[in-house]
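Here is a short tour for anyone meeting this structure for the first time. Have a look at the sequence and the model, then read on.

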Amino acid sequence: YYYQDPSDSFMLNFMNNTFKADIYEDNIGALVANLSKYNFLVMEHPLLSGAEFSANKAKLENYSSRGELLMISGELAAPATNTMAGSNFNKKSGQSSSQRTAMVNSTDEALSLNVGDSMVFTQYYYIENSSEAANVVRIATFNQTDDNAIAKWKYGNGTVYFFSDFDVSNFNGNFMDVVQNAAQSMTE
């Protein structure tokens, strides 16, 4: 489990308590050095520097490509637009609550979300898929723009899940329970 900011670590206790995961706080070099040990990686709001992203992008893509599960939430790296694992990771700044509202428009076997469910993400991050991503499932999109707020795709032999944020409000249920239950079901 990798995170950059303690105030943006919604999965930290779950990953530590449930998976006894190795925890990497703002240390991408140590994580990448150990990638071969893992078959499931959560990167929560990684916000890698440009240099960190450039130095580790190929290793993270290789991790997914060889058949592993990669879950990314929030901003991947600075500057705000980056391409990795077949998708462009983007950020929109200064969005109002109504603009950060997303609607589920497709089901996923791991995520217990229903078509029509809505949620408000604290931050507006989204992905656009490139030709390298396969079998893209647009699980939830932002209402006003149709940008991908939650998506899943194949990259090589692996699977990538993207969440705009794990900090969600105005959701009928507990969003973190949905994400955590999905993590458990995908790794069993």
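Helix α1 passes helix α4 in a right-handed crossing (the near helix is turned clockwise from the far one by less than a right angle). α1 covers residues 12-19 and α4 covers residues 175-187; they pack at an angle of about 35 degrees, with their axes 11 Å apart. Those axes are lines fitted to C-alpha atoms over the stretch in contact, and the angle, on a scale from 0 to 180 degrees, is taken between N-to-C directions. Helices here are DSSP runs of H or I with at least four residues, strands are runs of E with at least two, and both are numbered from the N terminus.

So who touches whom? From α1 come F14, T18 and F19, and they meet Q180, A183, Q184 and T187 of α4, where contact means heavy atoms within 4.5 Å. Sorted by class, that contact has three nonpolar, four polar and no charged residues. Ala, Val, Leu, Ile, Met, Phe, Trp, Tyr, Cys and Pro count as nonpolar, Asp, Glu, Lys and Arg as charged, and the others, Gly among them, as polar.

## How to read the model

This is a predicted model, with local features needing pLDDT of at least 70 and side-chain atom pairs pLDDT 80 or more, while totals for chains, interfaces and linings use all residues. Residues are numbered from 1 along each chain as its sequence is written, and side-chain values use heavy atoms, leaving out hydrogens and water.

## Strands side by side

Strand β8 (residues 118-121) pairs with β7 (residues 101-104) in the antiparallel sense, over three bridges. Pairing takes at least two bridges found by DSSP.

The largest pocket holds about 190 Å³ of space. Its lining includes Y1, M15, F19, K20, D22 and T187, and by class the lining residues are eight nonpolar, two polar and two charged. On a 1 Å grid over the protein atoms alone, a pocket is an open set with protein on both sides within 12 Å along at least five of seven lines, a cavity is a set of points where a 1.4 Å probe fits but cannot get out, and lining residues have an atom within 4 Å of a point.

There is one cavity of 30 Å³ or more, and the largest cavity has about 40 Å³ of space. Volume is the space filled by probe spheres set on the points, which are joined across faces, edges and corners. Among the residues lining this cavity are G74, E75, F89, N90, Y125 and Y126.
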